Every structure is written in structure tokens, then in C-alpha cells.
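Let's take a friendly walk through some backbone details of this protein. Have a look at the sequence and the model first.

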Amino acid sequence: MRLTRCQVALAAAITLNLLVFFYVSRLQQQRRRGSRAIRPPRLSHSAPDSRVTVLIREFEAFDNAVPEVVASFLHHDPTQPIVVAADTLPYPPLALPAVPNVRLALLHPSLDQPAAASQPETYVDTEFVALVPDGTRAESPGQLQRMAEELKNTHARLVASPVATANPPHCMALEVNLREWTASYGPAPDPPFCDALDGEVVVVVRTRDLFNLSLPLARPMSTSLFLQTSVRGWSVRLLDLPFAPARQPPLATAHARWKAEKEGRVRRDALLRTLGMRLVSWEGGRQEWFGCGKETARCFDTVVGDTPSYLYEGRWTPPCCLQALRETARHVIGVLEAARVRYWLEGGSLLGAVRHGDIIPWDYDVDLGIYLEDVANCEQLRGAEVGSVVDERGFVWEKAVEGDFFRVQYSETNHLHVDLWPFYPRNGVMTKDTWLDHRQDVEFPEHFLHPLVPLQFAGFLAQAPNNYRRFLELKFGPGAIENPEYPNPALKSLAGSG
Ligand SMILES: *[C@@H]1O[C@H](CO)[C@@H](O)[C@H](O)[C@H]1NC(C)=O
């Protein structure tokens, strides 16, 4: 078939039309895509999905190698995003390079700045963050990206690389018990997966995970980070991709180290109190207490309705308070025994002794019964009849304002106490003249006290009524031993505490 000239011209026109149409529509598509990109062009050369911001938080303003750390990362990638975070403007000033990808974040709010300016997440727009301790050198390019890639391929929520210093990381198990205010470190069962690391490490974590913690940048970072991550059940994988130490490491003088350690201890103490950790146990049995002592106030408010404040917070008696109660009970019982005052474990204290040989883990005082006629045998009790007596070990003996009983406080400032309830026999029944509105505050047959029997309690042997199961059922009702309950279930019950 032969084509006419006219047909050829028509075909050419249609083809040209189609070409123009495709060109214009592609142009429009590109423009639309362009307007959708809100972010500025990416700074880093690395794959966009494993970009990592270097975050330097753990350093001392008075002596640090932060400029060297920053320079070492910029050396391998001049566009590496770096954030140096400090509470307030470091002094003496940090010599940081004036490039837009290195920023200083001041975490204390400033009167003339918006709240976002003091929030560290404002400064991070990458998917990952590397928490880099002072004194760390990036020695090879792409090391952080490799860590981020490892993080994508593991069930751990964080990865860590050692910094080759004298303080290599130690992989640990960490059990945090919020209800009992405790943190316990132990050997990690499954290294290189750890709950916590001790020592110098670079940690890479997803940005959204880091800033979803309760206190993402609280110092000391190693204590704060792993307490928070282990509570969430996140583990950290220790990698073998070591970083080098800085050429001029920080804290090189003994004085600088002493100062840093001193300030570190203050920070650690404040952090653990803030996080509600009152007893930290280490591998090997060393214990650190963060809580009330003889010179501090009792660490909970005056108890209302038999229900201490901590029960409403879903927690039990702080360990320091239990310890102070044990100490007070031991002291008081020692004094009573020396003065030949007949006493016995009463109420909740007897219940605890029978259940597990100790104070009930949510109890807030210790109760003892005594024979009223024996009060005269004891100098401290005689003194308490007329005023308040501070004995030679600092315990305070007094007549309770609430009723006809004695109270021995741990100290003049710390009002944790042992209550002594005087009873007298009448026709074979132990009775008293004033009663509190408590189910267990009732008369009972004297034969429970003949004889008294020794029972393990709070780390020593104390006297208890014989046949104590029947004694307790008389006071608290059947099943009291087997079915633990908070002191006032109408206000707060054990079952409803979650
Ligand atoms: C933040 O944590 C909460 C639980 O603590 C979780 O429900 C939420 O999904 C987390 N958000 C992100 C962005 O991971």
C-alpha cells in the first residue's frame, strides 16, 4: 500500500503531539513531587535511611575533648549532623566549628526562647542517633552507619560499640522493680545481648525510641539510659566495632578526675531519686542506698486511712524505710527485753512474721503489745509518760497523741515508728481502756501469752503469742495469713493494684 503525502504529514503531526503530551505530563509530575518534599536537601552523603546524628551529652564543661570529638566526625563527613547538648551554656565556651550541621542544644529553658529550643528532639531530623561520650574519636568513615545497619538486623533495640579506653564495656543483666524501688545488676545470661552496659560505649538508637523515653538525656547517661530501656524490655547488642580514644583525652589530671567524680556522684544520686530507685544492688552483693536516713524526713506523708501514699502510686514501702523500721524494732525489743517488759508481736507485724519472717513489704510501722504493769520497769517508757525522751542512740520515745499507747520514732526528724500497745489482764482476758477503730484492735484471751514463743522477724528473733494462727484469725478473720491484703482494702486493695 502506498501512503499519500497527506497521510504521512498526518502521522508525523500525531507523533509530535504525543511526544509533547508525554513531555508536559512528566514535567508536571516532577514539579508536584518537588513541592511535596518539605525537608531541605539531605546533608549527608550516606544512604538516606541510615542517617545518624551524633549527640554528645556526657562531658564536663570544665575539662573536655568535645572539639576534638566533633572534628574527628567532620573529618570523615563534613556534613555529619552533630548536636552537643548541655544544660546551660558551657563555660569556658566550647570551640565548635561554625557550620550549620554542628549545633549546641541548651536543655534548660530560657525566658526569651520558645519551649522547643530546649527540647533536644528539635535538633535531630535523622532516623538514628548516636550517643557519643566525650573522648571518643571516629577513626573510619561510615562507622555509625554500619551500627545503624546492625540495629536494623537485630531484635535488640539499641546497639553499642566500645571506645578503646581503660574502661571497656561490661555486659550486664539489669532488673528494675518499680514497686519495690530497686535496681539489681547481675551477669548477662546471653551476651552480646545485654540489659545494661558499664564503661565507655557509643550507643546507636532509633530517634523515636530515644525521645520516647521518660528522661532521654538525663545524666549520667549510662545509668539513666539503661534503667529506662530495661524497664521497657529493650536490650542492647554489644558490637565489635570499636572507636578510638581521643588523642588528648579529657580529665587527664587527678584534680579534674576528682572533680568529675564528685559531680558525677551528685548527678547519679539525684537521677536515682528522680527515677524512684532507692536501692541499687551490684554483682557480688554491693548495695547502694538512695533514700531516707536518720537525718532526713520519713520518705512518705502522714498516713491517712491506713493507706500510705506509696500504695496509691502502685508501690510498696521504700527499702530504706523498711530498713529503718527493722532497725527501730530491733532496738526497741532490745530495750524491752533488757528491762524485762513482756511484749509480743501484734497486728500486721505478727502477720508478716508468720507469713515470711519479716515486716510486710507494704507496711509502714511495727506494732508490739506490752503488759501495762511492766511499763514501770522501763526507764524510757517511764520518761515517755511525762514527755519525749531521746535515747542515747537517737530514737525518740513518747506517748502517742492519738491515744493510750507509746511510740518510738527512728529519730527526731525521721518519724518511722514502732507502736507499743499496753494491755492488762482482767478475768483471763487481755484488755485496755481505749480502742482504735481497727478490726484487729480487740480483746483476746490471756492464754495466747502463756507462754510466748520466739518467731523470726526483721532479721532477729522476737516474742509472739503461742498458737499465733488462731490469734491472728481472732484479730483479722479467717484466711488472713494466706490471703494478703492492703491495710484498708476499701480505699486501696492489693488485687486492684495491678
Ligand atoms: C512511645 O511509647 C509508648 C509506650 O510507652 C508507645 O505506645 C508508643 O507507640 C511509642 N511511640 C513511638 C513513636 O514509638
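A quick word on exposure: buried means under 20% relative accessible area, exposed means over 50%, and partly exposed is in between, using a 1.4 Å probe and protein chains only.

## About the model

This is a predicted model, where local features need pLDDT of at least 70, side-chain atom pairs count only at pLDDT 80 or more, and totals for chains, interfaces and linings use all residues. Residues are numbered from 1 along each chain as its sequence is written, and side-chain values use heavy atoms, with hydrogens and water left out.

Helices (DSSP runs of H or I, at least four residues) and strands (DSSP runs of E, at least two) are numbered from the N terminus.

## Two cis prolines

Start with the bond from Arg-219 to Pro-220: this peptide bond is cis, and its omega is near -5°. You'll find Pro-220 in the loop between helix 4 (207–210) and helix 5 (221–231).

Further along, the peptide bond from His-450 to Pro-451 is cis too, with omega near 0°. Pro-451 sits in a loop as well, between strand 23 (444–445) and strand 24 (452–457).

## Two positive phi angles

Leu-251 isn't a glycine, yet its phi is positive, at about 55°. Look for Leu-251 in the loop between strand 13 (244–245) and helix 6 (254–274). Leu-251 is partly exposed, with a relative accessible area of 23%.

What about Asn-467: what is its phi near? The value is near 50°, positive in a residue other than glycine. Asn-467 belongs to the loop between strand 25 (460–465) and helix 11 (468–476), and Asn-467 is partly exposed, at 40% relative accessible area.
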